[in-house]
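Student: Can you go through a structure with me? I'd like to see how its parts pack.
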Amino acid sequence: MIMRTVRLEKNIPVAGSYDVVVCGGGSAGFIAAIAAARQGAKTAIVERYGFFGGLATAGYVTPISVFSYNGKRNIGGIPWEFIERLKDIGGAFVEQPLNNVAFDIELYKLCAQRMVIESGVDMYMNSIISDCIQDEKHSIKSIVINTVNGTKCIEGKVFIDASGYASIAEMIGVPMLQWHDIVPVQATSMCFILSGVDTSSALVSKAMHHNMQGVNCLCADVRSKLLELKDELGLPSFGGPWFCSVLHDGSVAVNLTRTSFDACDDRSFTMGECRLREDVFTFARVLRENFPEFRNCYVSSVAAQAGPRETRHIKGIHVISADEYINGYHYEDSVSRCAHPIDIHSPSDQSQTCRFLEQAAYIPYRSMIAEGFDNLIVAGRTISADCEAFASIRVQASCMGIGQAAGVAAAMAISSPVSAIDVHELVQKLKGMGAVLD
């Protein structure tokens, strides 16, 4: 269908000029902004919500995993500083031996906000990025944001796309990896909080702990019963379920719903979220009626948005292959690590592929940048990786580590193309901050 168009011309005020502009304040974005600012770069961050954390805080995705593997820390520096500070204010419970982190959602927001403000980052919150202005060489000169008090422009020397959708990369024409004709996009879920739950019961208290390496921590007893009831009750598709602590007795975060839609299409996203919201209340009722631990439960909160596991993937200078990833290949430009299992959620049924790594994998800087785009670095789940490697990279701790690398690299690229920075110096800077790259 050909869509009708209208033409709009307007003068847009420049709100500010910066060395580094971070687009998106999720787990990769707010860490990237802190890292860039601590390197001395004048930094701004743009976020569509009024708080940081992305799918951790807007999507209720918990726990944050995996910070340690085989008994050794694999992600350090600013990401782990954030966890320690969150723990200090009573907002985190760190599970051994993987250092998976259950968290209080509101204290997460507060801790992230404090660290961003302390770093001197200029914050443009409740702001939607609607366009990019480029020069003839594909360099971004500025981004256009829509705010509660009008349209503005933010100028920058280096931009970090931490949108979770590769939105900036897509706007300026960065090529994307295309494999979804063969491998379907992973399912999207909408997480929610159930209160009135008997969290002291054996079933729930065990399920809330995600502390065993090589084990999928779904609640097998509840899953078995839901599979029995699926046809009888006409239940929609589901995953897990995973029950996660939010650090408050009687309440759990629930990761259970599942459906398929295109999260990069606004109409598809809208209808998909409507389906998932219905499913939240369907499953809450089923849990209440069939499990004594949930007999008094009620939906106390539904995430502000559904959590897409997968959106776009840039075609970077290097595409991380499953073989490299699974075998722990160490690149010369390794800037972060990941240790979550390769975790693929079917969009069409209850199935899940969960393949555990033998050792923590590595992320090369070249997978975060694209050929010919001299002032853009991509951070988070949309970096350049094939479908299997991506299925591990996409989780929060991994994205935090990648964000840290993006922020430091951006500060180094203020006066040169992002592909021309001294990668050895980048690695040394990251190690000096506490990143684990050996």
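Tutor: We'll take a sheet, then a pair of helices. Keep in mind that this is a predicted model.

Student: OK, in what order do the strands of the open sheet come?
Tutor: The order is β13-β14-β12-β15, and the 4 strands pair in the antiparallel sense.

Student: Which are the edge strands?
Tutor: β13 (238–245) and β15 (298–302), each of which pairs on one side only.

Student: And what does the twist average from one strand to the next?
Tutor: The average is 30°.

Student: How many bridges are there between β12 and β14?
Tutor: Residues 192–195 of β12 and residues 251–257 of β14 are joined over 4 bridges, antiparallel. Within this part, serine 195 is opposite serine 251 in β14.

Student: Which helix packs on the sheet?
Tutor: Helix α6, residues 220–233, which touches β13 and β14. The direction of α6 makes about 145° with that of β13.

Student: New topic. At roughly what angle do the axes of α1 and α2 cross?
Tutor: Roughly 110°, with the axes coming within 10 Å. α1 covers residues 27–38 and α2 covers residues 78–88. At that angle α1 is roughly perpendicular to α2.

Student: Is the crossing right-handed or left-handed?
Tutor: α1 passes α2 in a right-handed crossing.

Student: Which residues meet there?
Tutor: From α1, Phe30, Ile31, Ile34, Ala35 and Arg38; from α2, Ile78, Pro79, Glu81 and Phe82.

Note on methods
Residues are numbered from 1 along each chain as its sequence is written. This is a predicted model: local features need pLDDT of at least 70, side-chain atom pairs count only at pLDDT 80 or more; totals for chains, interfaces and linings use all residues. Side-chain values use heavy atoms; hydrogens and water are left out. Two strands pair if DSSP finds at least two bridges between them. Helices (H or I, at least four residues) and strands (E, at least two) are DSSP runs, numbered from the N terminus. Axes are lines fitted to C-alpha atoms, for helices over the stretch in contact, and angles run from 0 to 180 degrees between N-to-C directions. Contact means heavy atoms within 4.5 Å. Angles under 35 degrees count as roughly parallel, over 145 as roughly antiparallel, 65 to 115 as roughly perpendicular and the rest as oblique. A crossing is left-handed if the near helix is turned anticlockwise from the far one by less than a right angle, and right-handed if clockwise.
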